[in-house]
Amino acid sequence: SPEWVEIDWAEALDTTAETLGTIRRESGAETVAFAVTTPSGTPMVDSFEWVERFIRCFGSPNLIYAVEICGWHKDYAQALTYGRGIGAADYDNADAIVLWGHNPTRTWLAQATRIADARKRGATVAVVDPKRGGAGESADLWLGIRPGADGALAMGAIRHLLINRSYDEAFVRQWTNAPMLVDLATGRLLRAQDLWPEHATEMFVVLRSDDSAQAYDTSEELERPQDVVLDGEVHLRSADGRTICCATVMRLLAREAAAFTPDHVAGITGLATADLTRFYALFEGSPRLAYPSWTGVGQHSNATMIERAIGTLYALIGASDRIGGNVWTTTPPARAVNDYALLPEEQRRKALGLAELPLGPPSRGWVTARDFCRAVLEGEPYRVRALMSFGTNFVVSQAESARNRAALQALEFHVHVDMFMNPTAEQADIVLPASMPWEREALRVGFEISQAAVELVQLRQRMVPPRGDVRADYDIAFDLACR
């Protein structure tokens with residue numbers, strides 16, 4: 001049976017560079033895929049930007065992270081809703097904290113300590129999680145929700161706020177699209193140009209209390225927001241004489257939420273109506289409410305739409321980028337080395353799964369395990385021939401381990417970089433030993449949990465000499481780039 005044979009670094013890197021280069025010449029850079037473990041809580045935080053730079057300069061649009069089961073919903077589905085990711089929860093000033101599918105007691109002790117301090121200060125803590133262990137045990141309210149039913153819970157809270165008019169009306173008028181008119185025939189926001197050809201294409205339309213329509217340029221402050229109709233319908237005459245039936249975004253949201261009565265939500269989620277009432281009350285009256293949402297939501301096929309529902313709920317309370325809410329931090333100026341624009345547009349269009357997920361991870365060059373395996377095993381939409389992986393344990397970290405292992409075994413060439421031999425490394429042709437964080441120097445600009453943390457620039461010096469013939473992941477990327 002085959003056995004591992006030790007070779008030196010020069011032979012390993014020469015073989016890797018020659019083989020990947022040959023495949024790129026023969027069938028295109030897209031037929032070489034890469035995989036990187038999450039930088040969140042792993043040593044790849046030191047290196048992933050440089051590894052991404054190497055991948056993009058090599059020309060591959062196919063980089064496998066675990067993003068479809070981890071951070072996509074909170075960082076990018078949120079951006080589809082209101083332009084920014086979820087932000088940093090301001091636990092230190094919050095009056096209420098909702099841990100939605102997030103268990104920092106078990107996964108992030110620095111956060112758990114801040115939350116415990118907030119609770120001692122008087123903040124109410126609610127946990128949405130099927131399992132009580134960890135954060136749920138010390139919470140004021142634990143909602144043991146049926147997995148995947150989070151969207152119904154959010155829609156029920158939206159209905160509650162709308163029916164009781166307990167949302168932040170001033171914020172909703174000034175900072176959301178709630179008063180904008182939607183063309184009911186198309187389902188799209190009405191443009192001012194549809195009514196008045198002389199207006200710019202990016203201008204929208206709102207309805208005044210006297211039933212007159214007004215153009216709205218969202219790059220400027222809305223005039224007299226208190227006079228804008230939030231919940232309304234109207235028939236307008238288009239520039240070419242057509243009648244356009246319109247309704248405000250707020251009215252359409254109310255229609256969508258109407259079915260989510262407490263009894264209906266209880267039936268979907270498995271929660272008691274009394275607990276729902278307590279949960280909904282947390283969102284009343286524009287509270288200083290911070291919420292992190294993590295993998296509990298992210299590991300569902302409908303995670304994007306769940307998170308958009310949660311984001312809509314959050315917009316109704318006006319806590320976006322506000323003290324005690326979720327704050328959008330400002331990073332110090334630093335030169336990005338991994339900009340996606342390094343990859344030519346022609347190559348970006350070849351990302352696996354882009355046709356099915358045009359707004360999803362493939363639009364940023366991050367491909368799903370499903371699409372990678374299909375390309376390797378079925379040659380759809382083209383055959384992926386090689387993989388270079390950094391630290392990820394692809395066999396067991398993604399669903400369908402048997403499929404994942406079969407895909408790795410079907411590759412022509414696989415190089416794996418890691419600190420340990422694991423089920424993924426065992427499938428590789430070459431395994432390159434990576435150093436541990438304490439054995440190498442690293443520079444980190446910014447940490448995501450608060451504005452103070454984001455502003456921290458940390459040079460971490462090497463603490464111990466390396467054991468064995470190991471190298472940092474960034475050194476491996478540089479050596480391959482030179483070759």
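How many salt bridges does a search of the whole structure find? The search finds 28, where a salt bridge is a side-chain nitrogen of Lys or Arg within 4 Å of a carboxyl oxygen of Asp or Glu.

1. **Before you start.** Please keep in mind that this is a predicted model, in which local features need pLDDT of at least 70 and side-chain atom pairs count only at pLDDT 80 or more, while totals for chains, interfaces and linings use all residues. Residues are numbered from 1 along each chain as its sequence is written, and side-chain values use heavy atoms, with hydrogens and water left out.

2. **Glu30 and Lys350.** Helices (H or I, at least four residues) and strands (E, at least two) are DSSP runs, numbered from the N terminus. Glu30 is buried, at 9% relative accessibility, whereas Lys350 is partly exposed at 27%. For these words, buried means under 20% relative accessible area, exposed over 50%, and partly exposed in between (1.4 Å probe, protein chains only).

3. Asp92 and Arg114 form a salt bridge with their closest N and O atoms 3.3 Å apart. Asp92 sits in the loop between β3 (88-89) and β4 (96-100) and Arg114 in helix α5 (residues 109-121), so parts 22 residues apart in sequence are tied together. Asp92 is partly exposed, with a relative accessible area of 45%, but Arg114 counts as buried at 15%. Glu356 and Arg374 also meet in a salt bridge, at 2.7 Å from N to O. That pair links the loop between α15 and β15, where Glu356 is found, to Arg374 in helix α16 (residues 369-378), 18 residues away. Elsewhere, Asp46, Arg440, Arg460 and Asp473 are joined in a network of salt bridges.

4. **Aromatic pairs.** The count comes to 14 aromatic pairs. Tyr65 and Trp366 have ring centres 6.1 Å apart and planes at 85°, so the pair is edge-to-face. Rings of Phe, Tyr and Trp (its six-membered ring) pair if their centres lie within 6.5 Å; planes under 30 degrees apart count as stacked, over 60 as edge-to-face and the rest as tilted. Tyr65 lies in the loop between β2 (63-64) and α3 (72-82) and Trp366 in strand β15, so the pair ties together parts 301 residues apart in sequence. Tyr65 is buried at 9%, and Trp366 is buried at 11%. Tyr82 and Trp328 give a tilted pair, 5.9 Å centre to centre with 55° between the planes. You will also see one aromatic cluster formed by Tyr65, Trp72, Tyr76 and Trp366.

5. **Charges over rings.** Arg24 lies over the face of Phe58, at 4.5 Å from the ring centre. The charged end of Arg348 sits over the ring of Tyr340, 5.4 Å from its centre. The rule asks for NZ of Lys or CZ of Arg within 6 Å of the ring centre and within 35 degrees of the ring normal.

6. **A parallel sheet.** In the order β6-β5-β4-β13, 4 strands form an open sheet with parallel pairing. At the edges stand β6 (141-143) and β13 (289-290), each with a single partner strand, so one side of each is left without a neighbour in the sheet. Two strands pair if DSSP finds at least two bridges between them. Between β4 and strand β5 (residues 124-128) there are 5 bridges, and Trp100 has Val128 in β5 as its bridge partner. Helix α7 (residues 150-164) packs on this sheet, touching β4, β5 and β6, and its direction makes about 150° with that of β4. Contact means heavy atoms within 4.5 Å. Axes are lines fitted to C-alpha atoms, for helices over the stretch in contact, and angles run from 0 to 180 degrees between N-to-C directions.

7. **An antiparallel sheet.** Another open sheet has 4 strands in the order β8-β7-β12-β11, with antiparallel pairing. Its edge strands are β8 (188-189) and β11 (233-237), each pairing on one side only.
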